[in-house]
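Please look over the structure shown here before turning to the briefing that follows. The notes begin with a sheet and then move on to single strands, a helix and several individual residues.

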Amino acid sequence: MHEIAATLTQQLGPDKVATDPVLVREYSQDRAPDRPEAPALAVVFAGSAEDVQTTVRACAAAGVRVVPRGAGSGLSGGAHAVKDSVIISLERMNRILDVRAEDEVAVVEPGVVNADLNAAAAEHGLMYAPDPASFTFATIGGNIGTNAGGLRCAKYGVTRDSVLALDVVLADGELVRLGHATFKGVAGYDLVALLVGSEGTLGIVVGATVRLRHLPVKVVTIAAFFPDLPSAAAGVLAVGRARVQPAIMELMDRASIEDADALNGTAFASRGSALLLVQTDGFGADAEAAVVREVLREAGGALADESSLRAGSSDAERFVLIRRNNRGSGAEDRLRVGEDVAVPRSLLVDYAAELERIAAEYRVGMKLVAHAGDGNLHPTFWAEPQPGEEEAAVADLDRALDDSVRVALAMGGTITGEHGIGSFKLRWLGWEQSERVRELQRGIKDVFDPHGVLNPGKAI
């Protein structure tokens, strides 16, 4: 520890290298329910691409691994330290370098917070479409690392759909530029698409050129309460059959609504056992909203006061804000785990029913929120054991999680829609991907990082 810390301090300066045990431990993990195998040796607060290059080269020469970190808001252990590693924090690289409104692109450093980019883009009548629930503090670099989605992804896609070019530091410290500044471009393999979602295992992103979209001229929010979760999920399918493409379509079950009520002082649970939140936007927002309202009424939904749910109204903003803060009370740990599965949207009703069955079978709590527009569900399972029964409760919780994943895969789904594999979901990856597919991915990793310097033990 002292050797690599001394080397980095000499090369970068003392203000960019931290070894305080409390701070290092804090930066050695993200918000995943599992814990890192060991704290890092040091934390580097990079201020430039050159700082990242210097750190990678010094660590590679010393046989020390590097783990890139943004805001630490990840939920799968992708930013967890590994044994004999240095954390490279990119939070100080937070400059918006350019907003080219005519081209509808922005050039940013990886530490730029999602909400700050949106604020800068809004001055030009534009927006950065990906909007994970953590958008007020999550960074663009972290979003790129996990291919984050968010509420608007049903219409505007996930992070990969908005990234045009990347500046990347490779495992030997070389800086390369991938991609292009145009919306179209098919020269060579699409290495940008490969890097997005690779969780820092192939290179460290130190700059990005991202696509911006026009801010919609109008947004209409529709909130419908349903008597149960299956009927709300059926409402999602009914909207799809009506050929409406909402910007946002979010689902909350009763437990999530009750959790939101407790946190926000609301009383939404008295209005139904499931909430479907829909936003239409653009010049056709009113026409689409009219269709959605009619469809949801026919599906058994009780609509909230329509006059108060225009974009910009306090009620509309409150509904959307509550959904963004859906993870509710309680930090995740081994007795409380949030999941990130996705299934074909046509099977939402079936999968929601299976989740309720699994929770009952293993005697664990369960609440569900979902990006219903694209079939990405976030069930949270938890156990509340009596003293002395913790290990049995953890075993029941693990079995419930395993079954929820097996059922999703049996329905043609995936073990992660947007949070990434990290370290926590590695135990399930072999259930989804064949050994041959995993072998191909390990081969790609070897090409980019033959000595295993970059975020080892993650993603694949």
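Seven strands form an open sheet in the order β15-β12-β14-β13-β17-β18-β16, with antiparallel pairing, where two strands pair if DSSP finds at least two bridges between them. The edge strands are β15 and β16 (336–338), each of which pairs on one side only. This is a predicted model, in which local features need pLDDT of at least 70 and side-chain atom pairs count only at pLDDT 80 or more, while totals for chains, interfaces and linings use all residues. Residues are numbered from 1 along each chain as its sequence is written, and side-chain values use heavy atoms, with hydrogens and water left out. Helices (H or I, at least four residues) and strands (E, at least two) are DSSP runs, numbered from the N terminus.

**Strand β12 within the sheet**

- Strand β12 (residues 219–226) is mostly covered, since eight of its eight residues are buried; buried means under 20% relative accessible area, exposed over 50%, and partly exposed in between, with a 1.4 Å probe and protein chains only.
- Both faces of β12 are covered, with V219, T221, A223 and F225 buried on one side and V220, I222, A224 and F226 buried on the other.
- Strand β14 (residues 274–281) runs antiparallel to β12 and is joined to it by eight bridges, and within this pairing I222 stands opposite V278.
- Strand β15 (residues 302–303) also runs antiparallel to β12, joined by two bridges, and here A224 has L303 as its bridge partner.

**H371 in strand β17**

- H371 lies in strand β17 (residues 365–371), and because its relative accessible area is 5%, H371 counts as buried.
- Leaving aside residues up to four places away in sequence, H371 touches G150, L151, M249, E250, R323, N376, H378 and E418, where contact means heavy atoms within 4.5 Å.

**V169 in strand β8**

- V169 belongs to strand β8 (residues 163–169) and is buried, with a relative accessible area of 0%.
- Although V169 and V52 are 117 residues apart along the chain, their C-alpha atoms are separated by 7.2 Å.
- V52 is also one of the residues that V169 touches, together with A49, Q53, V56, E174, L175, G203, I204 and V206, not counting residues up to four places away in sequence.

**Helix α15**

- Helix α15 (residues 435–448) has 14 residues and should span 20 Å at 1.5 Å a residue, which agrees with its end C-alpha atoms being 20 Å apart; the expected span is 1.5 Å times one less than the number of residues.
- R438, K445 and F448 are the buried residues of α15. They cover an arc of only 75° around the axis, which puts them on the same side of α15, the arc being that of the directions from the helix axis to the C-beta atoms.
- An α-helix has 3.6 residues a turn, so residues three or four places apart point the same way.
- The buried residues of α15 pack against α7 (191–195) and α14 (426–432).

**Residues with positive phi**

- Most residues other than glycine have a negative phi.
- E104, in the loop between β5 (96–100) and β6 (105–108), has a positive phi near 60°, and E104 counts as buried because its relative accessibility is 18%.
- A459, in the segment after α15, has a positive phi of about 70° although it is not a glycine, and A459 counts as buried because its relative accessibility is 12%.

**Cysteines**

- A search of the whole structure finds zero disulfides, a disulfide being a pair of cysteine sulfur atoms within 2.5 Å.
- C59 counts as buried at 0% relative accessibility, and C153 counts as buried at 9%.

**Annotated span**

- UniProt, in an unreviewed entry, lists residues 36–215 for "domain: FAD-binding PCMH-type"; its positions are given in the numbering used here, feature names are shortened, and annotations may be inferred rather than shown by experiment.
- The end C-alpha atoms of residues 36–215 lie 40 Å apart, and the span is 22% helix and 26% strand.
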